[in-house]
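Okay, thanks for coming, everyone. Let me put the model up on the screen, and then I'll walk you through a few places in it.

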Amino acid sequence: MRLTKALCLLLAVNASRPTNSEEQTCTAADPDTCSSSSQVPPSKLSSSLQTVTYKPTCSLYLAESSIPNAGFGIYTTVPLKEKEKVTEVADAPSLVVTDTELHASVLGYENSDAIPWNHNNYFWDGSGQGEFEAHQVMENVMNLGALCNYHTYFKNVKPWEGPKYNDAMTNRNGGSPGMGAYSYQPGFLFRTTREIDAGEELFCDYGEEWLDTRLFGGDVLREDDFYKAGNILQEIKDGLSDTEITDGVLKVMQGVVKHFDKRVSQVIPTSREDFDDTVEEADDQNDIADFLAQDTIQDRSIDWIQTNGVCLDHLVPQVSTLPDAGHGAFAQRFIPKGGVIVPMPMLMIMGKNLLDIYEFEIDEDDKPILIKSENSDGEKIYTESSKQLLYNYCFSHQDTNMMMCPQTNGILINHCSDRKDWGGDCAKYNANPDKSLRGPNAKLEWGTEWDPDTQDWLKLTPDEIKQKVMQGKRGLSFQVVATRDIQPGEEVFIDYGEAWENDWETHVEEFVPPLPSDDFVPIFEMNANKEKYLTAEDDLEEHPYPMNANLGCTYWPREDEAIDEKSPLDGDNTNWTSDGSIYTLDHPDYAIYGLVWPCGVDDIFEDEDGNRSYNVEIYSKDGMTIWAANGKRRILEDYPVESISFVPQKYTSDQHLIGSFRSNIRIPEELIPDQWRDVGDDEEEFDAEE
């Protein structure tokens, strides 16, 4: 009788989500609490990129995730308000990787999933400013973009586009040998989507559709699953008497739920003790859902985080003091000698040739296709023309074919040595009368103290590492350690190695810059002077944009724009026109759906006082909207000029220049395990055919 009643209750449950809804003593082990006689008060670092008010204490830490077996996570030790920026500025540039499947096909790989590297599980799909760089774009976003975990119930931060694309650090017409050698993409800001308590792990919202594309994703609980389970347990609590709720009944209930919904069954308790722990203090099914979700993560105290974690925000990005170097890493607080400046969990690439770019041309459909050229033997072959920009940010060695790529803002750290004059702060350091204070102020070490997997992986052979990489595993970490006291505002450097220096000097001698052109205007300059450059579509034939420029507009599709909906338009209408003034960065929907879409200026209006307003046309992405499927134009009236951006035209930015500098950062000799020293630079033992 009890069992029958319980089953009836279960089948009657509505499984949908309810609508309710003082300075301390300085130690190298804990550098964020350090002080110095030369400590300066919080002040500002500035550049053409952004202005930073630096903070005296660390508030972001990398530590073991509160989700069991999920690797590292990022924690905040200060409370954050809803919609607050997690960091004051985008903490590192993002790295755009282009047309990987096309170029990897030369090596026999059918798709990016088959490539022996970790990056496929960490790349973003390139939606935003980066997607305009090429036909197929993936984006490597540092810190929160790579190390922030996803919890469907506790998600609390979202990416927010930061400063605009900045190609003004290098003058295309100035002949700089650094053009195309570093990223112009400014990275992303992240904002909170709810209030976050000090001690919480930050969970990025990947979107549940992301789980649908992962082999393990089917078993991961969705947000609605917790509410379904909460609803079921509330019905049991309300519908059965105290004596009717037994271990046996709960086990049967869990089995029935599993038959209908395997994921939900994972959080249905099978003992009376667990049932009581879950529902006893709950006021309703929403509270029960909270308790169930809380059981999927481990509580972390601030003390635990600071003891077991590594500070993640010692560095801020600014324009480097070195010429031709792009961004640099600057200390935003005092870091003592021996202190860990930044942890760097690494992603593996099991072959340097995996980042090769081969000669291609653009076909009539505006897509890249590979082309063959004749070698000295008269054979038609695919020829390498360059390498991905990512190559410059990864570590390797002449005796190994593996590459290791950092996933934190450690990528900002530039090269310095006392072997040559590098200018900037490096030259200032090298002018010190005390020889021990010359050269770089930091060095590379293995992060064995805080990454338990690193010690084990250092014992593996390249083949064994490759096997783990193909299983989606990651296990090596570097850390950058201060070799002398570093003061707030100082640029941080490491030694990239003599081989890297030789590569750079050869490049400077041989580099042939593109010829100056009036048809090339930096995107940064155009965005700083939009009204000068914005042109209505009807006038573009006579007054075209420079060859390197395109337009992007902030936009998010409305609910009635899905491809399977009926058209909201009359068949006779040419345009679907609506109010464009809502498409601003402070609109609540922007944080959830907002992206940069290709667009054009449909019309420009100017009042008697010279004030302009704009109507824009949003261009569909691959026919993914109802208005494109019905042959309509999407027109937004009174569109804010702040939401219009000039973006790079495909394949025209400096990172695509043939002959731009490419060289990996060299791992110091003493850090390379002997069993890795089996592959020279010229060997390609990791081709797909193997």
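This is a predicted model: local features need pLDDT of at least 70, side-chain atom pairs count only at pLDDT 80 or more; totals for chains, interfaces and linings use all residues.

Residues are numbered from 1 along each chain as its sequence is written, and side-chain values use heavy atoms, with hydrogens and water left out.

Let's start with the core. By nonpolar core I mean a set of buried Ala, Val, Leu, Ile, Met, Phe, Trp, Tyr and Cys residues joined through side-chain atoms within 4.5 Å. Buried is under 20% relative accessible area, exposed is over 50%, and partly exposed is in between, with a 1.4 Å probe and protein chains only. The largest nonpolar core has 102 residues, and Ile341 and Phe478 touch the most other members. Which strand gives the most to this core? That's strand 12, residues 340-349, with six residues. Helices (H or I, at least four residues) and strands (E, at least two) are DSSP runs, numbered from the N terminus.

What does Phe478 touch, leaving aside neighbours within four places in sequence? Its contacts, meaning heavy atoms within 4.5 Å, include Pro343, Phe395, Trp446 and Leu671. There's also a second, separate core of 28 residues, with Tyr153 and Phe226 among them.

Now the rings. Rings of Phe, Tyr and Trp (its six-membered ring) pair if their centres lie within 6.5 Å; planes under 30 degrees apart are stacked, over 60 edge-to-face, and the rest tilted. The structure holds 29 such aromatic pairs. Take Trp124 and Phe190: their centres are 6.0 Å apart and their planes at 85 degrees, so this one is edge-to-face. Trp124 is in the loop between helix 2 (100-104) and strand 6 (137-140), while Phe190 is in strand 8 (residues 188-192), so the pair ties together parts 66 residues apart in sequence. Phe190 is buried, at 3% relative accessible area.

Tyr429 and Phe493 are edge-to-face too, at 5.9 Å centre to centre and 75 degrees between the planes. Tyr429 belongs to helix 11 (residues 424-430) and Phe493 to strand 24 (residues 491-494), so here the parts tied together are 64 residues apart in sequence. Tyr429 is buried at 8%, and Phe493 is buried at 0%. Also, Arg484 lies over the face of Tyr429, 5.1 Å from the ring centre; the rule is NZ of Lys or CZ of Arg within 6 Å of the ring centre and within 35 degrees of the ring normal.

Ring pairs also link Trp422, Tyr496, Trp500, Trp504 and Phe661 into a cluster. Trp500 and Trp504 are among the buried residues of helix 14, along with Glu501 and His507.

Last stop: backbone angles. Most residues other than glycine have a negative phi. Asp366, though, has a positive phi near 65 degrees. Asp366 lies in the loop between strand 14 (360-362) and strand 15 (368-370), and is partly exposed at 42%.
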